[in-house]
Amino acid sequence: MIPASLDYVAPTSIPDALSALANGGDEAKVIAGGQSLMPVLRLRLAYPTTLVDLRNVADLRGVREDNGDLVIGAMTRHCDVITNGLIAQHAPLIAAATKTVADPAIRHRGTFGGALSHADPAGDLPAVTLALDATFVVEGPGGRRTVPASEFFVDYLQSALAPDELLVEVRVPKLTGWGVHYEKFQRVAQAWAIVGVAAAVRMENGAIAEARVGLTNMGPTPVRAAAVEAALAGIAAEPGAVGAATAATAEGTRPPSDLGGAADYRQHLAQVLARRAVLAAAGSE
Ligand SMILES: Cc1cc2nc3c(=O)[nH]c(=O)nc-3n(C[C@H](O)[C@H](O)[C@H](O)COP(=O)(O)OP(=O)(O)OC[C@H]3O[C@@H](n4cnc5c(N)ncnc54)[C@H](O)[C@@H]3O)c2cc1C
């Protein structure tokens, strides 16, 4: 099938993109890399009357530092995230997870902000931004507002973005010197995660001082494994202790049952992957 007919605009600035969205009303939709939206349009699961293409809005692209944060523009493509020096230095967990997203062709078009705005709990990046305590900068007709990652992912494929708002950039506190690992379990290479675990660990005197753990595809939204993080603080980074601390990984999760696996299988998997991810982040495996 081909998409229903629609108007197409490609503004060059954020204000022009917001005006185009406002002019299009409820039937206007933003397109970034198109890697999630185009299939939806082709299947006619959505039929906006106006498509606002962000590809020419230079202010939405790039990575910079600001007040101890790393700021990643929404239109920064996955392939540019992977090779960016600042991200490698201060938020390597984002690069590690992005390397597992789909295949090189999709990573050359898909964007950081598009993947997050799509709010797919099976996407690899939402759980990472949650674990890193990122802040989402959103702009609409009333100006800019910030939304913490913990409030951005509202439900399955639903974010805190209003229809007339744009995700402009994501601010990520630097975790320089932390060990990180993204453990993704997939049926075949370059596929979506059946379950994924994002882990960041700060070591002190040979023990885990602090840990962050985010879960992919373990509910309608990404999940922060707060109980596991608390249990990891202060323990030795060795398999027995980490295994005990990550035993509760599935607590409070609501994973789907689908062709990728049953919910109880995913809950078991999450525990196994969390142990692996934390040990790898701590440099012990
Ligand atoms: C075959 C295939 C395999 C894939 N595998 C994976 C995978 O393993 N892991 C993974 O994480 N992802 C995967 N993806 C998705 C991929 O990461 C996409 O890049 C991503 O989901 C959407 O990014 P995009 O820039 O293409 O957004 P688009 O498709 O253009 O947009 C997605 C949604 O976000 C909205 N949107 C986009 N940008 C903004 C913005 N700045 N402000 C407000 N709203 C916005 C759009 O309106 C739309 O609703 C896969 C996709 C395909 C087609």
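A residue counts as buried when its relative accessible area is under 20%, as exposed when it is over 50%, and as partly exposed in between, with a 1.4 Å probe and protein chains only. Val180 is partly exposed because its relative accessible area is 24%. This residue, Val180, has its place in strand S11 (residues 179–185).

The model is predicted, so local features need pLDDT of at least 70 and side-chain atom pairs count only at pLDDT 80 or more, while totals for chains, interfaces and linings use all residues. Residues are numbered from 1 along each chain as its sequence is written, and side-chain values use heavy atoms, with hydrogens and water left out.

## The two sheets

Helices (H or I, at least four residues) and strands (E, at least two) are DSSP runs, numbered from the N terminus. Two strands pair if DSSP finds at least two bridges between them.

S2 pairs with strand S3 (residues 50–53) in the parallel sense over four bridges. Ala28 has Thr50 as its bridge partner in S3.

Another open sheet has five strands in the order S4-S5-S10-S6-S7, with antiparallel pairing. Its edge strands are strand S4 (63–66) and strand S7 (143–148), each of which pairs on one side only. Here the twist averages 25 degrees from one strand to the next.

Within this sheet, strand S5 (residues 69–73) runs antiparallel to S10 and is joined to it by five bridges. Val71 stands opposite Arg171 in S10. Strand S6 (residues 135–140) is mostly covered, with five of its six residues buried. S6 pairs with S7 in the antiparallel sense over six bridges, and a hairpin joins S6 to S7 through two residues. S6 is also joined to S10 by five bridges, again running antiparallel. Phe136 stands opposite Val147 in S7 and opposite Val170 in S10.

## Around the ligand

A residue is near a molecule if one of its heavy atoms lies within 4 Å of it. The ligand is surrounded by 31 residues, the closest being Val30, Gln35, Ser36, Leu37 and Thr111. The residues of this shell divide into 15 nonpolar, 12 polar and four charged. In that division, Ala, Val, Leu, Ile, Met, Phe, Trp, Tyr, Cys and Pro count as nonpolar, Asp, Glu, Lys and Arg as charged, and the others, Gly among them, as polar.

Polar contacts are pairs of N or O atoms within 3.5 Å; within protein, one must be able to donate a hydrogen and the other to accept it, and residues adjacent in sequence count only if both atoms are side-chain atoms.

| Residue and atom | Ligand atom | Distance |
|---|---|---|
| Val30, backbone N or O | oxygen | 2.5 Å |
| Ala102, polar backbone atom | oxygen | 3.2 Å |
| Asp124, polar side-chain atom | nitrogen | 2.7 Å |

On its own the ligand has 980 Å² of accessible area, and the protein covers 88% of this. Accessible areas come from the Shrake-Rupley method with a 1.4 Å probe; for residues, only the protein chains shown count as cover. S2, helix H7 (112–118) and strand S10 (166–173) are the elements that give two or more residues to the shell. H7 provides the largest share, four residues.

Thr111 is found in the loop between helix H6 (104–109) and H7. Thr111 is buried, with a relative accessible area of 3%. Its side chain reaches the backbone nitrogen of Gly114 at 2.9 Å.

Helix H8 (residues 124–131) is mostly covered, and eight of its eight residues are buried. The buried residues of H8 include Asp124, Leu125 and Pro126. Just after H8, Asp133 takes a positive phi of about 55 degrees.

Technical notes
Axes fitted to C-alpha atoms, helices over the stretch in contact; angles between N-to-C directions.
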